[in-house]
Amino acid sequence: MKHLNLQIPIIQAPMAGGITTPQLVSKVSNLGALGSYAAGYIKTPQMEEDIKEIQSLTHKPFMVNLFVPEKYIVDPDAVQIAIKALDPIYKKFELTPQLPSNNPEKDLKRFNQQIDKLIELRVPICSFVFGIPSKEVIQRLKDNDILTMATATSVEEALAIEKAGIDIVIAQGIEAGGHRGGFLEPMQQIPLTTLLPQVVKAVAIPVIAAGGIMTKPDIQKARELGAIAVQMGTAFLLTDESGAIEAYKESIIQEKQDNTVLTKAFSGKYARGIRNEFIALIDSQPENAILPYPTQNSLTKSIRKSARKNQNPQFISLWCGQNGYSGKRQSVKDLLDSLI
Ligand SMILES: Cc1cc2nc3c(=O)[nH]c(=O)nc-3n(C[C@H](O)[C@H](O)[C@H](O)COP(=O)(O)O)c2cc1C
């Protein structure tokens, strides 16, 4: 493939939350597909350590994914309402709610540090989600020979990404597990088979397809619709090499049909996951019980951490694509063998 130079046109999606371990990323890249490391929630020193580990495990290209910082304000009154809604869950886990310490300036500082580090460590490919970085950042990455990608959930976003000078666009259909990667309001809810041909027609840059892709026929379909490659999350989440906890993988495997929903309950931003007790409880509250992203994410962090420790799938975010129920627990090698 011209732009990515991949033997296998498959990208293992970046998945924040400790899923894309150096072992997973390097294994995927070593087998000829593209591994990617999610650095969105990761502090720069930890990111550096993990990237160095990936580099010690593979000489093949890999990708690092960053969250483009957003503007927001933290409203203390809204925080109190959100804390009240979460109170029964804090009590259940014997937790004391911590006031969110989010600060957009701090987010931007960290983002710029991450960019510096990617350049210093000569990371070959960098992808973005939740926005488009500044002109200066894109130019610096280009000057350092780093290939760039960004996520679009609509034609409008894809055009903005192309106009900004990003090399490749990832078209994310509504089926996708995890957060909606778009950045323009109102949020679009377009299935991949509708979105993909429109994006391919609208832009001149290469397009990668993401959302609900689990099988070889799914990949063939995306290729027929014009994608140069696919980005798959849930299928790789279920592999032995992924860092997802046992209870999470089992929850997906046990599904017999799609039971995912789009919810803001965990982070304040729409994301697709399997409906569980946490989502049901927050859904039963008035809408203003959920803070905007990223403050809701900070408020629910201790709950998710505690539930993870106890392998309790009812109170963690079970991000999963709409076709995740058809997935299998297997090694990365077996998964890739079944796809090519
Ligand atoms: C657990 C999980 C975490 C994710 N985290 C990220 C992330 O940090 N950055 C990103 O660009 N996309 C993230 N995504 C979205 C994926 O890039 C991709 O769009 C999605 O997995 C495709 O749908 P699928 O899961 O049905 O394959 C995540 C997806 C999942 C399932």
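Aspartate 116 sits at 38% relative accessibility and so counts as partly exposed (buried is under 20% relative accessible area, exposed over 50%, partly exposed in between, with a 1.4 Å probe and protein chains only). Its salt-bridge partner is arginine 140, at 2.9 Å from N to O; the term covers a side-chain nitrogen of Lys or Arg within 4 Å of a carboxyl oxygen of Asp or Glu. The pair links distant parts of the chain, 24 residues apart, with arginine 140 in helix α5 (residues 135–143) and aspartate 116 in helix α4. Helices here are DSSP runs (H or I, at least four residues), numbered from the N terminus. Arginine 140, at 36%, is partly exposed too.

A word on the model: it is predicted, so local features need pLDDT of at least 70 and side-chain atom pairs pLDDT 80 or more, while totals for chains, interfaces and linings use all residues. Residues are numbered from 1 along each chain as its sequence is written, and side-chain values use heavy atoms, leaving out hydrogens and water.

The structure has 12 salt bridges. One of them pairs glutamate 48 with lysine 117 at 3.1 Å, N to O. Glutamate 48 belongs to helix α2 (residues 44–57) and lysine 117 to helix α4 (residues 104–120), so this contact ties together parts 69 residues apart in sequence. Glutamate 48 is buried at 16%, and lysine 117 is buried at 15%.

Glutamate 250 and arginine 329 form another bridge, at 2.8 Å, N to O. Glutamate 250 is in helix α10 (residues 246–254) and arginine 329 in the loop between α12 (295–309) and α13 (332–339), 79 residues apart. Through shared partners, salt bridges also join Glu48, Lys52, Lys117 and Glu120 into one network.

Key:
Helices (H or I, at least four residues) and strands (E, at least two) are DSSP runs, numbered from the N terminus.
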